[in-house]
Amino acid sequence: MALVELQGVEKVYRLGETRVHALRGVDLTVEAGEFLAIWGPSGSGKTSLLNLVGMIDEPDAGSVRIAGENAAGLSENRRAEFRNHRIGFIFQSFNLVPVLSALENVMLPLQLRGEPTRLCRDRAAQRLEEVGLTDTARHRPDRMSGGQRQRVAIARALVTEPDLVVADEPTANLDSETSHDIVRLMRALNDSHGTTFLFSTHDPRLLDQVKRLIRLEDGRICGEEVRG
Ligand SMILES: Nc1ncnc2c1ncn2[C@@H]1O[C@H](COP(=O)(O)OP(=O)(O)OP(=O)(O)O)[C@@H](O)[C@H]1O
Ligand SMILES: [Mg+2]
């Protein structure tokens, strides 16, 4: 069974009288273990697509299935629970809680599940070690660099051991060397844990690590490339 299955997906935003057709019939299948990038210019529909895959939003037509579960068939509560258990998110702007330390930020998704504090702390510390941040575990985000913040966000996305990590332009706020480091780190985690990664970028220089590349233009998939 495919991990992600999109069929004939359409997304239309309505702004008063205006309609913006952001996705125009997208079919996409992602198997477990893939490391896949969605590449396209600004406005091509990357965020719209990733929000659907991450079950943050619903399509206007077509179907979205994640791990066999049809997003449209779930109640709001079930959908939130499904997200918490199966999907990790990495955001462009990191979205860390400023008053919490790196460790506390990474603990959060497990605490939301009601796991015991000690288990949350142990798992979070383990994830921070994997992203090379053991020494900064007690720091708050305002004392960290952009690259360190994004590493915390990666650790947080992985702490629940999700099947799928969705990252919308995770390197957009980082300089090019740090961006390469972040993509290499995600790829290393894909290799070591088999976690499926789906990320978007408009920067072609970041694509040398990807196993599959989907090109999006005007809300349509207009190219695909499979790499080694
Ligand atoms: N909430 C919204 N309301 C109205 N229009 C929207 C909304 N979100 C996106 N759009 C429009 O839908 C189209 C696709 O936008 P989307 O954000 O998915 O593209 P993107 O590829 O992520 O762009 P960027 O690289 O700038 O982030 C664009 O024309 C955009 O203006
Ligand atoms: Mg976007």
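Student: Where is the place of Glu17?

Tutor: Glu17 sits in the loop between strand 1 and strand 2. The model is predicted, so local features need pLDDT of at least 70 and side-chain atom pairs count only at pLDDT 80 or more, while totals for chains, interfaces and linings use all residues. Residues are numbered from 1 along each chain as its sequence is written, and chains are lettered from A and ligands numbered from 1 in the order in which they are written.

Glu17 is exposed, because it has 5 other C-beta atoms within 10 Å. The cut-offs: 20 or more other C-beta atoms within 10 Å of a residue's own make it buried, 12 or fewer make it exposed, and anything in between is partly exposed, with C-beta atoms placed from the backbone. Glu17 and Ser200 lie 183 residues apart in sequence and 30 Å apart in space, C-alpha to C-alpha.

Two strands count as paired if DSSP finds at least two bridges between them. Strand 4 (residues 61-66) runs antiparallel to strand 5, and two bridges join them. Arg65 stands opposite Asn70 there.

Thirteen residues surround ligand 1, and Tyr13, Ser42, Lys46, Thr47 and Ser48 are the closest. A residue is near a molecule if its C-beta atom, placed from the backbone, lies within 6 Å of it. Strand 1 (4-15), strand 2 (18-30) and helix 1 (46-53) each give two or more residues to this shell. Helix 1 has the largest share, three residues. By type, the shell holds four nonpolar, eight polar and one charged residue. Here Ala, Val, Leu, Ile, Met, Phe, Trp, Tyr, Cys and Pro are nonpolar, Asp, Glu, Lys and Arg are charged, and the others, Gly among them, are polar.

Move on to strand 6. In general, side chains in a regular strand alternate between the two faces of the sheet. Strand 6 is covered on both faces: Ile87 and Phe89 on one side, Gly88 and Ile90 on the other, all buried. Strand 6 pairs with strand 7 in the parallel sense over four bridges. Gly88 has Val165 in strand 7 as its bridge partner.

The loop between strand 6 and helix 3 contains Phe94 and Asn95. Each has a positive phi without being glycine: near 70° for Phe94, near 55° for Asn95. Their surroundings are as follows. Phe94 is buried, with 21 other C-beta atoms within 10 Å. Asn95 is partly exposed, with 13.

Helix 5 (residues 146-158) has 13 residues and reaches 19 Å from first to last C-alpha, close to the expected 18 Å. That expectation is 1.5 Å times one less than the number of residues. Ten of the 13 residues are buried, so helix 5 is largely enclosed by the rest of the structure. Among the buried ones are Arg149, Arg151 and Arg156. The cover includes strand 6 (87-90), helix 3 (102-112), helix 4 (117-130), strand 7 (164-168) and helix 6 (176-193).

Another hairpin joins strand 9 and strand 10. Strand 9 (residues 212-217) and strand 10 (residues 220-226) pair antiparallel over six bridges. Arg215 stands opposite Gly223. Two residues lie between the strands, and Asp218 takes a positive phi near 50°.

Last, the whole chain. The protein chain has six helices and ten strands. Its C-alpha trace spans about 50 × 40 × 40 Å along the principal axes. Its radius of gyration is 17 Å, which agrees with the value near 17 Å for a compact globule of 228 residues. That radius is taken over C-alpha atoms, and the globule rule is 2.2 Å times the number of residues to the power 0.38. Buried residues make up 40% of the 228. Of contacts between residues at least 6 apart in sequence, 71% join residues at least 24 apart. A contact means C-beta atoms, placed from the backbone, within 7 Å.

Terms used
Contact = placed C-beta atoms within 7 Å.
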